[in-house]
Amino acid sequence: MPAVAAARPFREGLLKLAPPRLLGSRCDRCATVSFPAREFCPGCRAVDAIAETELSPAGSVYSFTVVRQAPPGIAVPYVLAYVDLPEGVRVLAQVSGVAPEEVTIGLPVHLELTAFDQDAEGADLVGYRFRAGSEVAA
Amino acid sequence: MTLAPAHVAGAGMIRFGKYPADVTLEKMAVGAARAALTDAGAELPHIDAVYVGHVFGGPVAGQRIAAQLGLDGRPVSNHENYCASGATALREAWVALAAGLHDVALVIGVEKMTDRVSGGVRPDPGDLDAAVGYVMAAGHGLSARRYMADHGATREQIAAVAVKNHAHSVHNPFAHYQRPIGLDEVLSARPIAEPLGLLDCSPISDGAAAMVLCSPAGLRRLGLTTSVPRMLGCALVSGSVRPGTGDVNEEDVSLRAAEEAWKLTGVGPGDIDLVEMHDCFTIAEIVRMEGLGLIPRGEGASWTEAGHTSLGGRLPVNPSGGLLSRGHPVGATGVAQACELTWQLRGTAGARQVEGARVGLSYCKGGTVNGTDGGSVTTLVMAR
């Protein structure tokens, strides 16, 4: 059997797969949390004392749109939302598991993994989105 | 700090719209440049340098244009700040004139889009937002949804921006669209990024606009004695990384651009008689006017519905028709806005003239960067 490369995040340091969690950065000086992780703190501009942190997988929709026209290569329609997480972080992501007309501001959602692409060796690249509902994979 | 103003000796455009393939980027730019040179009474030997704003024109587009125009050999620079590229070129020319480096500068904004962009524009593919499906229209759909929820604005009030701007450009011979549209037409247009539909979005257009800017010595070189109008200055700021979960329509980047403009030019918000606003989408005109501090927070939609931003209203916005109706060849837009301010301040804008206009402001916002409240923002102030 040919060796199959293990699935990995579509960008290094963006998320971990088991359990699914987004990875941000947290400033030890002022406690500001960023996603994606940054090498500086956008709150106090410190460049040291920045550590990786896992973000809560559950959040709620701050605002959303249903995209019905996009450049070639992007399948429509899809729901795109700003999702607010308890750490005080806003994440832009697609929302699944709900009909577009059922999405509302404040809708509870939770993180899920999604196929993104494949790399040159055929390994699955994994991305993220949020699914409607408050159930969270452990 | 206040730099010396640049004198606007000439302004010229070609009509924005969809041109066939043989109307190249270079041809459009040459057409607009010749119109601006003629307007200024300038000959090619008068021009010291050429500043070109474009996004999709490819490497050294400015030099390709200069070689068609007869300005080969001059200092030519290409300026890319996405939809603020043309305004950024104007800013750099103004700085060079104020510094005494040049006395007569030709600024061109140009874009050939209809043969290379379809379905809307989006961020650089390397940006994280692009990777999760962000397109420009989506960002404004997210903004509109939240604005309606936070301020009780109606879909009709937001659509009124498109109705107003199309009504204005009926009188603009350079506009892509020159016919009025009704509110029902905007509301029933096919959805693009809900709640926004097709007529909430500026079109993909081809076009070019140009200006001849002068120092006082440059005016003398051209034999001009009048100094009307003057470009007092152009501020440039960038979006900042915004931690937290604040108001997506806070428009801190617009507030900072306004404060920079007032500081650079000595003009204040109460002095502004008209605005050429970057209405790439209907909702954008509303939230950006509020961000500049020219309309109270949360009242932009109701102001539009009440006609306060229409010609003849309290503060006319986009007498040219704006991006929604004049069209939006992205690199050309900032220069086209400055052409409109020029004609308005000269009092030669015809049926779309803002009566008694003395000071005008134009605003561009270019691009998006994940985690920030924008790419580039310019605020240009012109006075008669």
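Two residues are said to be in contact if their C-beta atoms, placed from the backbone, lie within 7 Å. The structure described here is a predicted model, in which local features need pLDDT of at least 70 and side-chain atom pairs count only at pLDDT 80 or more, while totals for chains, interfaces and linings use all residues. Residues are numbered from 1 along each chain as its sequence is written, and chains are lettered from A and ligands numbered from 1 in the order in which they are written.

The C-alpha trace of chain A spans about 45 × 40 × 35 Å along its principal axes. Of its 138 residues, 34% count as buried, meaning that 20 or more other C-beta atoms lie within 10 Å of the residue's own C-beta atom, with these atoms placed from the backbone (12 or fewer is exposed, in between is partly exposed). Among the contacts in chain A with a separation of 6 or more, 48% join residues 24 or more positions apart.

Where the two chains meet, 27 residues of chain A are in contact with 25 residues of chain B. On the chain A side, strand 6 (58–67), strand 7 (78–85) and strand 8 (89–96) each supply at least two residues. Strand 6 of chain A gives the most, with 6 residues. By class, this side of chain A has 16 nonpolar, 8 polar and 3 charged residues; Ala, Val, Leu, Ile, Met, Phe, Trp, Tyr, Cys and Pro count as nonpolar, Asp, Glu, Lys and Arg as charged, and the others, Gly among them, as polar.

In helix 1 (residues 25–40) of chain B, the residues B:Leu25, B:Glu26, B:Ala29, B:Val30 and B:Ala33 meet B:Ala61, B:Arg64, B:Ile65, B:Gln68 and B:Leu69 in helix 2 of chain B. This contact has 7 nonpolar, 1 polar and 2 charged residues.

Further along chain B lies helix 13 (residues 333–346), with 14 residues. Here 13 of the 14 residues are buried, so helix 13 of chain B is largely enclosed by the rest of the structure. Just after helix 13 of chain B, B:Gly347 takes a positive phi of about 80°.

Note on methods:
Axes fitted to C-alpha atoms, helices over the stretch in contact; angles between N-to-C directions. Helix = DSSP H or I, 4+ residues; strand = E, 2+ residues; numbered from the N terminus. Expected span 1.5 Å × (residues − 1).
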